[in-house]
Amino acid sequence: MNRSELTIYRVLLRPILFRLGGGDAETAHERTLHLLALLSRLRPLCRTLELLTTIRDQRLSRTVFGVQFPNPVGLAAGMDKDGVALPVWAALGFGFVEVGTVTHHPQPGNPRPRLFRLPTHEALINRMGFNNAGAAALAHRLASLQPAPVPVGVSIGKSKVIPLEHAIDDYCASFRVLFPYAAYVAINVSSPNTPGLRQLQDADHLRALLSALQDINTELGRTHLRGPRPLLVKIAPDLSEPALDELLTVCADHAVAGIIATNTTISRHGLAGADPVLVVETGGLSGRPLTLRARQVVQYIARATGGRLPIIGVGGIHSPDDALRMFEAGATLIQLYTGLVYHGPLLPRRINQALLSYRKRAS
């Protein structure tokens, strides 16, 4: 995408999108996603869009934890929780899509309003609370889309109505239902918007959860052609280095295939000068203020594991330069969310173009 195309999005399209629903961020998101879902049903249009936006080059392809990705730029969980627009995301040039976070029980999430924009800081604050139609509904939709146009990861979390002491059964129920359709399964234990969820990052809780999930993974893998699914753990950016070390030890002990770093942050660092009314809204912060911290966490994990554990880097990737820095920090794959909101749907293409140029210069 050249500079004029980027300007068109920022100056013309983004202001229109941001005014949808009277400026309510979630209403704008819902309407945009509804439009994308409609476009997904128009396969000839998707193929035309793919010709305009997707870069197909073998140099971008990579195989990670046994899954082949056409390129390393993915859509992060949360953008399309229920997987309603998968063909369009693939047509926009994403190399993979992570749907969810989905819970075993359908749930409405937290009361609205629960999604807030901070445009001058290119940030979002959300307290969505895993609003989704449930694991069974997602499984039904994914079954109808087989084979998927790109690898689909599935992020699973704890249902709000389930107490923490029964969280393992809840995760396992979702895992069983979604196993056949997931290229990998992300275990979300790091959202700040479900009460008590982050306690599952603690070593004892995480050890018990991963043990149960891997037992089911082995059991189901015996009867499926592709075998067990790669399990990844999505972590918070707010963990200390000792906590990260402990978490990585548990992950290594339970054959976790990779780490997704990071989720949103409860910190409000980097919001100097922002609207004080918005800054005090509860929820997770994403976007530009998270760029440096997410990269630091990725770099720490890469060093701590000697680069042996695949990392999906996510958080504050708003430009090709951000993406290249994340890969240099040690990410194997990356995901976009807030950067897509502020910089438009052709950001994956721009990043993939930059990756090819970078490889050409390096060689």
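1. The axes of helix α10 (residues 291-304) and helix α11 (residues 320-329) come within 8 Å and cross at roughly 25°. Helix α10 is therefore roughly parallel to α11, a class that takes in angles under 35 degrees, while those over 145 count as roughly antiparallel, 65 to 115 as roughly perpendicular and the rest as oblique. Axes are lines fitted to C-alpha atoms, for helices over the stretch in contact, and angles run from 0 to 180 degrees between N-to-C directions. Helices (H or I, at least four residues) and strands (E, at least two) are DSSP runs, numbered from the N terminus.

2. This is a predicted model, in which local features need pLDDT of at least 70 and side-chain atom pairs count only at pLDDT 80 or more, whereas totals for chains, interfaces and linings use all residues. Residues are numbered from 1 along each chain as its sequence is written, and side-chain values use heavy atoms, with hydrogens and water left out.

3. On the α10 side of the contact with α11 stand Thr291, Ala294, Arg295, Val298, Gln299 and Ala302, and these meet Asp322, Arg325, Met326 and Ala329 in α11. By class, the residues of this contact are five nonpolar, two polar and three charged. Contact means heavy atoms within 4.5 Å. Ala, Val, Leu, Ile, Met, Phe, Trp, Tyr, Cys and Pro count as nonpolar, Asp, Glu, Lys and Arg as charged, and the others, Gly among them, as polar.

4. Helix α10 also packs against helix α8 (residues 241-253), at an angle of about 50° and with the axes 11 Å apart. The two helices are therefore oblique to each other. Glu241, Leu244, Asp245 and Leu248 of α8 meet Val297, Tyr300, Ile301 and Ala304 of α10. Six of these contact residues are nonpolar, none polar and two charged.

5. Helix α8 also holds Val250, which is buried at a relative accessible area of 1% (buried means under 20% relative accessible area, exposed over 50%, partly exposed in between, with a 1.4 Å probe and protein chains only). Beyond four places in sequence, Val250 touches Ala203, Leu206, Arg207 and Leu210. Val250 and Arg207 are 43 residues apart in sequence, yet their C-alpha atoms are 6.0 Å apart in space.

6. The largest nonpolar core has 84 residues, of which Trp89, Tyr171, Ile235 and Ile259 touch the most other members. Helix α7 (residues 203-221) supplies the largest share of this core, eight residues. Such a core is a set of buried Ala, Val, Leu, Ile, Met, Phe, Trp, Tyr and Cys residues joined through side-chain atoms within 4.5 Å. Apart from this core lies another, of 15 residues, among them Val64, Ala76, Leu232 and Ala257.

7. Helix α5 (residues 135-144) and helix α6 (residues 167-178) pack at about 15°, with their axes 9 Å apart. That makes α5 roughly parallel to α6. Ala135, Ala136, Leu138, Ala139 and Leu142 of α5 make the contact with Ser174, Val177 and Leu178 of α6. These residues divide into seven nonpolar, one polar and no charged.

8. Thr264 lies in the loop between β10 (258-261) and α9 (276-279). Its relative accessibility is 10%, so Thr264 counts as buried. Outside four places in sequence, the residues that Thr264 touches include Asn126, Pro192, Arg198 and Asp238.
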